[in-house]
Amino acid sequence: SLSSPQIQFADQKQEFNKRPSKIGRRSLSRSISQSSTDSYSSAASYTDSSDDETSPRDKQQKNSKGNGDFCIKNIKQADFGRREIEIAEQEMPALMALRKRAQGEKPLAGAKVVGCTHITAQTAVLMETLSALGAQCRWAACNIYSTQNEVAAALAEGGFSVFAWKGESEDDFWWCIDRCVNVEGWQPNMILDDGGDLTHWIYKKYPNMFKKIKGIVEESVTGVHRLYQLSKAGKLCVPAMNVNDSVTKQKFDNLYCCRESILDGLKRTTDVMFGGKQVVVCGYGEVGKGCCAALKAMGSIVYVTEIDPICALQACMDGFRLVKLNEVIRQVDIVITCTGNKNVVVREHLDRMKNGCIVCNMGHSNTEIDVASLRTPELTWERVRSQVDHIIWPDAKRIVLLAEGRLLNLSCSTVPTFVLSITATTQALALIELYNAPEGRYKQDVYLLPKKMDEYVASLHLPTFDAHLTELTDEQAKYLGLNKNGPFKPNYYR
């Protein structure tokens, strides 16, 4: 009886071979591998990489109104993108509340904002909110993989000057930023940056334009670090707002967002089972804390590496073994970096990893894993699917590298919209604050968002949970020495 299914299988195989050979000129193996890279889930986007290989830079593009001041993958996807933006709006209550308020006043009238962030449905809601508040926007992507092409299309169709597509080359990346900035008769007066690349480009290439900027809003650890370096060297000639260290960004985007998206990025790319796996997380800041919490809840055995004794002690108190990378590199199944540093995982570590080890990065920049050291003749790179590479050693050992060491969650999956609503609202308020500040309130330095603003952002998100805040009585407020309406914590509170 066992043979009958086999015969059937042989028949099917015959059927398979008998299919008309006019499938187009793609060989079967190519169409199979192609379909795996095109699966919607792996790319978190409707983006079909096989459409055509023409670079968006070589195409004449126009939206339905005949405007062509943008460069994206495919304007035809605008309707898909619009739907995604509408879904995101549901989960971004505070931005929608800001829009309502803006019907009366336009606090960003006259603002010319040049932006460089991940171009996703969530960013689109932010951009359209800034526009509703009166700003003109030009935008580029801060990561070569994180753009959702259909969202970029919807924005271009809506009249935004967007320069971004998923899978840009390094050269495309800088070209897009330049096209965004360098326009006849357009002088930006505000910068919204994520990672500091846009700020750096304007500072280096257009120093005169840089001097006329009213303010910079920066949201990543990396970008903020670069701003402090400029400031220390006395070269920062505009006030900047460090959104990354505002409580609403740190505690929410860095912690809760990573707690939810680390598993998502790993599952979508590798389908790995987390139970019982040994994982080492490098760095126990907010991002590391989020990653560790999620992995621990899934039953993984989690090790942590850390340079800061305070974060290290927190890791120990949370029940994680604190180790040096060298001590566990031979035995772990997954390595995750989230330090904001460079060369955390180097070739020597990669050489000692066990077969099948998954290596990925949750920090903003692709500097944490020394990927360049793997591009040597004795190692073979195999692209398995979008954002997944196998790197094979001469003895047949392989490691699985995700997103070429770039930001895992935004490159390989999406991030929870609600958390981004919190960050985006903080960014919008920081722009409004800097743009409207009277002359002299902000010097040429890096500032934190006032605590009052942080509290305001948080309060805008409470109605979503049908949450009810308690109000202080006059007596209680006096006892604590506080204003009834906040701020409720001192600025140094962490």
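The paragraphs below look at a few residues of this structure and at what surrounds them. The model is a predicted one, in which local features need pLDDT of at least 70 and side-chain atom pairs count only at pLDDT 80 or more, while totals for chains, interfaces and linings use all residues. Residues are numbered from 1 along each chain as its sequence is written, and side-chain values use heavy atoms, with hydrogens and water left out.

We may begin with Asn189, which sits in the loop between α8 (170–181) and β4 (190–193); helices (H or I, at least four residues) and strands (E, at least two) are DSSP runs, numbered from the N terminus. Asn189 has a relative accessible area of 15% and is therefore buried, a word that here means under 20% relative accessible area, with exposed meaning over 50% and partly exposed in between (1.4 Å probe, protein chains only). Its side chain comes to 2.6 Å from the backbone nitrogen of Lys112. Beyond the residues up to four places away in sequence, Asn189 is in contact (heavy atoms within 4.5 Å) with residues including Gly110, Lys112, Ile213 and Tyr435.

A UniProt record, which is an unreviewed entry, places the feature "binding site" at Thr120, Asp194, Glu219, Lys249 and Asp253; such annotations may be inferred rather than shown by experiment. Of these positions, Thr120 is found in the loop between β1 (112–117) and α6 (121–132), and it counts as buried because its relative accessibility is 4%. Lys249, by contrast, belongs to helix α12 (residues 247–270), and Lys249 counts as buried because its relative accessibility is 6%. Setting aside its neighbours within four places in sequence, Lys249 touches Glu219, Val243, Asn244, Asn254 and Thr423.

Methods. A polar contact is a pair of N or O atoms within 3.5 Å; within protein, one must be able to donate a hydrogen and the other to accept it, and residues adjacent in sequence count only if both atoms are side-chain atoms.
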